[in-house]
Amino acid sequence: METAIKVAFASTDMKHVDQHFGAAESFAIYALTPENVQLVEATQFGKLAMDGNEDKLDAKIKVLEGCVAIYSQAVGASAVAKLKTANIQPVKVSAGAEISELLEALQAELRSGPSAWLAQAIKRMQAPNAQRFDSMEAEGWDE
């Protein structure tokens, strides 16, 4: 799943989104392509209060490195800012949303053409094209 995108879900049972990002006890992290889905990591944090402790946000965002999105029931303003800086899209969903259904919807979106935020995330993930200046060089472009 070399070309897969990674997404995370704030979940205690690994089946439903049932946590606020800041107080999430665990994340289920999946890699997906239009055809395949694979659980790549289940991370545990333990119980955390929603007390404004910003240190817990940094630890959680570090775990999400490489993910394009985190699905949760809610996300505070400071967490949104930190997630956006890390190029991770916060996605708020209804309490108890089923992870399997969200993954299916993402796969369908990948097949039909991603939305703006997902297209931007995919573009950021792609390495720069090493041949992007070849045509300029062939035309005699010079520094």
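Among contacts in the protein (heavy atoms within 4.5 Å) between residues at least 6 apart in sequence, 56% join residues at least 24 apart. The structure is a predicted model, in which local features need pLDDT of at least 70 and side-chain atom pairs count only at pLDDT 80 or more, while totals for chains, interfaces and linings use all residues. Residues are numbered from 1 along each chain as its sequence is written, and side-chain values use heavy atoms, with hydrogens and water left out.

The protein contains five helices and seven strands; these are DSSP runs numbered from the N terminus, with helices being H or I runs of at least four residues and strands being E runs of at least two. Along the sequence, the elements follow the pattern β-β-β-β-α-β-α-β-β-α-α-α. Of the 143 residues in the protein, 34% are buried, where buried denotes under 20% relative accessible area, exposed over 50%, and partly exposed the range in between (1.4 Å probe, protein chains only). The protein exposes about 8400 Å², of which carbon and sulfur atoms supply 50%; accessible areas come from the Shrake-Rupley method with a 1.4 Å probe, and for residues only the protein chains shown count as cover.

The interior was examined in terms of nonpolar cores, each a set of buried Ala, Val, Leu, Ile, Met, Phe, Trp, Tyr and Cys residues joined through side-chain atoms within 4.5 Å. The largest nonpolar core has 20 residues, and Val 7, Phe 9 and Tyr 71 touch the most other members. Two or more residues of this core are given by each of strand 1 (5-10), strand 3 (26-32), strand 5 (67-72), helix 3 (99-112) and helix 4 (116-125). Helix 3 provides the largest share, five residues. Beyond residues up to four places away in sequence, Tyr 71 touches Val 7, Ala 8, Phe 9, Ala 10, Val 17, Val 91, Val 93, Leu 102, Leu 106 and Trp 117. A second, separate core comprises 14 residues, including Ala 8, Ala 10, Phe 27 and Leu 64.

Ile 99 lies in helix 3 and counts as buried because its relative accessible area is 1%. The C-alpha atoms of Ile 99 and Ala 10 are separated by 9.7 Å, although the two residues are 89 residues apart along the chain. Neighbours within four places aside, Ile 99 is in contact with Phe 9, Ser 11, Met 14, Lys 15, His 16, Val 17, Ala 28 and Tyr 30. Ser 26, located in strand 3, is likewise buried, at 1% relative accessibility. Its C-alpha atom is separated by 5.8 Å from that of Ser 11, 15 residues apart along the chain. With neighbours within four places in sequence again set aside, Ser 26 is in contact with Phe 9, Ala 10, Ser 11, Thr 12, Met 14, Thr 43, Gln 44 and Phe 45.

Several loop residues were also examined. Met 14, in the loop between strand 1 and strand 2 (16-17), has a phi near 65°, a positive value in a residue other than glycine. Met 14 counts as partly exposed because its relative accessibility is 22%. A positive phi of about 60° is also found at Asn 87, which is not a glycine. Asn 87 lies in the loop between helix 2 (77-85) and strand 6 (89-92) and is partly exposed, at 40% relative accessibility. Pro 114 occupies the loop between helix 3 and helix 4, is partly exposed with a relative accessible area of 33%, and touches Glu 109, Ala 119 and Ile 122, not counting residues up to four places away in sequence.

Pockets were identified on a 1 Å grid over the protein atoms alone, a pocket being an open set of points where a 1.4 Å probe fits, with protein on both sides within 12 Å along at least five of seven lines; lining residues have an atom within 4 Å of a point. About 200 Å³ of space lies in the largest pocket, the volume being the space filled by probe spheres set on the points, which are joined across faces, edges and corners. Eleven residues line this pocket, and Thr 3, Ala 4, Ile 5, Ile 122 and Met 125 are the closest to its centre. The lining divides into seven nonpolar, three polar and one charged residue, with Ala, Val, Leu, Ile, Met, Phe, Trp, Tyr, Cys and Pro counted as nonpolar, Asp, Glu, Lys and Arg as charged, and the others, Gly among them, as polar.
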